[in-house]
Amino acid sequence: MQTPSLKSLLTQDPGVPNPNPTSSYWQTPPHSLSDTQSPSLPGRTDIAIIGSGITGLSVLLTLLDEHPDLNITVLEARALCSGATGRNGGQLAANAGEEYLHLVEGFGRQGAGEIVRFTFENLRRMRELVRRFAVEESEVQEVTKVRVFLEEGGFERFKEGVEALERDLPDFKEVYTVLDREVLKREYDLDGAGGALLPAGTIWPYRLVTKIFGCLLERYAHRLNIETHTPVTSIAFDVTNPSHPYILHTPRGNLRATQIAHCTNGHVGHLLPGLRGPIYPFKGTMTVQDAGSTMSNRGGDTSWGFHYPVIYEKQSGRYAAGLYYLMQNTKTGLFFFGGEDTQIDHCLSADDSLVKEGSVKHLQEKLPHFLGYDGPEQWTLASGWSGIMGFSADGLPVVGRAEASMTGRHGEGEYLAAAFNGYGMANCLLAGEALAKIMIGKDVGTWLPKAYRIHETRLKEPLTVGHAIESFEKDA
């Protein structure tokens with residue numbers, strides 16, 4: 001069977017999230033509000049937030065904090081926090097060193113600096129959020145992340161990036177500690193061309209988000225509704241109703257809203273068809289593996305990332321994403337390990353009801369090898385699942401008011417924060433806060449990176465289907 005063209009994969013309608021997704025280990029046990037909904041769908045709301053991950057939560061939290069009168073409804077297609085936030089790698093880590101040269105090439109030193117500062121501040125605010133709501137069950141840990149570069153070229157470019165970062169942003173000096181091949185092997189028992197250490201963290205994101213949703217619902221029950229298992233299938237604009245012009249169609253009935261916040265990441269193109277291609281879904285695979293007594297528990301002080309050049313073979317359709325990410329749970333010793341080396345049409349998919357057996361086996365084979373285990377026994381697979389991330393043609397989040405070219409509708413009351421390109425934990429919280437403030441007319445110009453915003457120049461290039469195709473073909 002012939003692989004669909006890259007363009008057709010990137011521009012397909014992602015649809016609403018599949019009602020029967022693979023079972024994510026992060027979501028066990030389910031929170032008591034997992035399936036919460038009102039006895040009947042409210043008829044109207046001031047603001048409808050579509051999506052209940054960290055971005056949707058951040059929009060909600062900001063609006064509740066800053067506006068005392070708004071009535072808000074959160075709509076989730078499936079169970080609470082069942083999308084990317086409830087399926088990701090649990091990593092509180094930025095990728096400034098690896099991406100800095102690329103960011104400078106695309107957005108200049110000032111633009112790159114804005115992005116670096118934003119991601120590090122986002123990670124600080126994530127820790128602050130845990131403290132604010134006293135979410136002990138999120139199991140947040142302060143760790144040193146060990147980045148391993150498996151090939152010499154990637155390691156050399158990384159070192160150049162760190163040197164440029166420290167030159168341009170002196171307050172980021174000594175954030176990274178570069179390790180040569182010998183030190184990497186001697187002190188960390190890891191094989192590669194070289195590596196680096198940086199301060200990072202690990203977290204159980206699902207538990208954090210669901211706990212806070214519970215706190216907010218209890219505190220603001222008079223003006224907050226959370227409607228799970230309520231997918232928004234389409235949106236219409238009614239010019240005859242200026243106070244609540246948007247009609248959100250769901251299987252449970254219609255909801256009228258004054259404003260809409262689209263926080264659906266990889267699925268954003270379903271309701272904003274003009275973004276199909278500029279933003280596209282990418283399916284990732286995660287596993288939980290049990291090494292038994294063969295490995296010590298390093299989860300309290302270390303997490304890992306393994307980097308290699310992205311591979312796209314047009315003839316065979318093979319796509320390897322260039323990164324494996326790993327953390328270890330401090331309580332159980334279980335390893336949470338993810339990464340992709342599969343067919344391109346398996347990756348460019350919004351269907352997380354399937355996880356390829358070959359993708360899981362690949363991760364089972366890779367993990368022991370990366371950690372220097374050469375024994376004959378295969379580590380026990382505790383769980384394997386898939387999740388849908390949102391990627392953009394220019395590799396950056398998209399935050400702001402949706403243009404008519406995106407929505408295909410009249411009206412200026414639709415907004416989005418999406419496309420976190422695999423680094424949601426370093427972007428989502430502040431992106432959601434920025435979006436909420438934009439919605440109520442507050443200025444975010446001093447801290448939201450210009451490169452994340454929606455403007456005419458970006459929409460013409462590089463946030464285009466053509467640029468998305470080019471970003472894959474340059475690795476072919």
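**Domain contact, helix packing and local backbone features**

In this predicted model, 15 residues of domain 1 are in contact with 18 residues of domain 2. Contact means heavy atoms within 4.5 Å. Domain 1 spans 38-88 + 206-278 + 394-475, and domain 2 covers 281-390. These bounds come from an automatic or database domain assignment. The C-alpha centres of domain 1 and domain 2 lie 29 Å apart. The two domains bury about 1300 Å² between them. Of this area, 55% is on carbon and sulfur atoms. Arg87, Phe472 and Asp475 supply 46% of the area that domain 1 buries against domain 2, more than any other three residues. Buried area is the accessible area (1.4 Å probe) that two parts lose on being put together, summed over both.

Residues are numbered from 1 along each chain as its sequence is written. Local features need pLDDT of at least 70, side-chain atom pairs count only at pLDDT 80 or more, and totals for chains, interfaces and linings use all residues, while side-chain values use heavy atoms, with hydrogens and water left out.

Helix packing was examined for α3 (residues 96-132) and α4 (residues 152-168). Helices (H or I, at least four residues) and strands (E, at least two) are DSSP runs, numbered from the N terminus. The axes of α3 and α4 come within 8 Å and cross at roughly 30°. Axes are lines fitted to C-alpha atoms, for helices over the stretch in contact, and angles run from 0 to 180 degrees between N-to-C directions. The helices α3 and α4 are therefore roughly parallel to each other. Angles under 35 degrees count as roughly parallel, over 145 as roughly antiparallel, 65 to 115 as roughly perpendicular and the rest as oblique. Residues of α3 in this contact include Tyr100, Leu101 and Val116. Those of α4 include Phe158, Val162 and Leu165.

Two cis peptide bonds were examined. One joins Thr28 and Pro29, with omega about -5°. Pro29 is found in the loop between α1 (6-11) and β1 (44-50). The other runs from Glu461 to Pro462, with omega near 20°. Pro462 lies in the loop between α12 (456-460) and α13 (465-473).

Positive phi values were also examined. Asn265, not a glycine, has a phi of about 50°. Asn265 sits in the loop between β10 (253-262) and α7 (268-271). Asn265 is buried, with a relative accessible area of 13%. Buried means under 20%, exposed over 50%, partly exposed in between (1.4 Å probe, protein chains only). Phi of Asn421 is near 55°. Asn421 lies in the loop between β18 (414-418) and α11 (428-439). Asn421 is buried, with a relative accessible area of 13%.
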